[in-house]
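Walk through this model with me.

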Amino acid sequence: HIAVVRNNCGSSTRIDVTLYVDGAVESLSGSSNTGNSINTATGQKLWVGMDHSNRGWSGNIDEVRVWSVVRTQNDIRNYMHLTLAGTETGLEAYYQFNESSGTSAGDKMYGYHLTMNGSAQFGTSTVDIGVGSMAATTLGSTGTSGVEVDLNNLQIDFADGSTLPNGELVIFRIEDSPANSPGDNYEGSEHWVVRNFGSNQTGLNVSALKLTLDPSDPILAYHTNTFKLYKRASGSDGAWTTMASEATSIDYVYGIFCFEGLSGFTSFSQLMVGSTGLVLPVTLTRFEATRMDDTEVLIEWATSYEENCQLYAVEKSWDGKNFRAIEILDCENRGTQAGSYRHRDREAYAAYYRLRQVDEDQSYTLSDVRYVAGESPYRALEVYPNPSSGAVYLAVQNISAEQSIALRLIDLRGRE
């Protein structure tokens, strides 16, 4: 990541130029210049990957941003792995090079499109950048007791007495899989980039990590502890290193992956989880609720796969919001063999039904809701005669002789 900042500091003769490489200042000879060291004359073209002497850049370029404001070091660090919305103050031109072919690179801001010259061509980018969020903290040089950092859905635990970064730590959460991912069958659809801008780049001792994925991440549908923790250098697009071959614990409901007892984790990096061999969850192929007659509803469901399944709970609601279990059935755990289940509800008023499938690790999956029409479950109460100066009679509908009801009699003053 390269950024060049030009600042005349309010002077008409002095121009300061600062070069940042991966968020850190690089020393330049003659960084304080005068005159026309930088040509700002009106009408001059913007060249990307080539200068006005036709000296070209041999390599790849992505995400070019041109600003009319002085960007601070924090500005540069905090957005180096995040795409922009295009509404940022002072952003004059923004080139993402997302085109797959053609001779023009589009500007997302004001239409200052670039024309491709020479042998320049579009290609597949491996730049680690995307939509996401960032959070930062500053750490000292050492910690006598365990130090914990919990930012941006990533918790980092340092071992007791570990060397610490001694500077700023910026954590990016990117809402996409990285370029050149490990290639597992199932990988998280998000990953983290941790940038260490402190003076201690190595020699750290990270003992545990907790990564929290979005609960809607598709890999949370696959229940197994064989999820691995992968790591590679913060700016790398190369091979990944397996830091843990199995998660210590996984909360599939909230998307929390814990990896404890790590060793050899001495520097910061890109991070992600993935797995090549997964135990598939229960695959529900059918769930139906059918009225058989005025007094009975038949609930049926079928599966094509069952593994590590503990139980099924048939749940019912009168209003579609508040559900309660009316039947619990153990899973048969047939593996790849098809399975079928049924329950008869003989309190069959109009109601909503759903199925809760609970795994052995207590995570669960809810089916779609089914509504079955019928008589209202709410008891109709009639008081007569009304008004009355003598005896009062109550008539209650939709209740059997075995059922009981509770009544409260309150006068106009609120007394029972």
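Asp128 sits in the loop between β8 (114-115) and β9 (132-139); strands are DSSP E runs of at least two residues, numbered from the N terminus. The model is predicted: local features need pLDDT of at least 70, side-chain atom pairs count only at pLDDT 80 or more, and totals for chains, interfaces and linings use all residues. Residues are numbered from 1 along each chain as its sequence is written, and side-chain values use heavy atoms, leaving out hydrogens and water.

Beyond four places in sequence, Asp128 is in contact (heavy atoms within 4.5 Å) with His81, His191, Val193 and Gln270.

Now the cysteines. There is one disulfide (cysteine sulfur atoms within 2.5 Å). Cys309 is joined to Cys331, S to S 1.8 Å. Cys309 lies in strand β23 (residues 309-317) and Cys331 in the loop between β24 (324-330) and β25 (339-345), so the bond ties together parts 22 residues apart in sequence. Both cysteines are buried.

Which residues touch the most other members of the largest nonpolar core? Ile156 and Leu209 do, in a core of 31 residues. Such a core is a set of buried Ala, Val, Leu, Ile, Met, Phe, Trp, Tyr and Cys residues joined through side-chain atoms within 4.5 Å. Strands that each supply at least two of its residues include β11 (154-158) and β15 (206-212). A second, separate core of 16 residues includes Ile299, Cys309, Cys331 and Tyr341.

Conventions. Helix = DSSP H or I, 4+ residues; strand = E, 2+ residues; numbered from the N terminus. Buried < 20%, exposed > 50% of the residue type's maximum accessible area, 1.4 Å probe, protein only.
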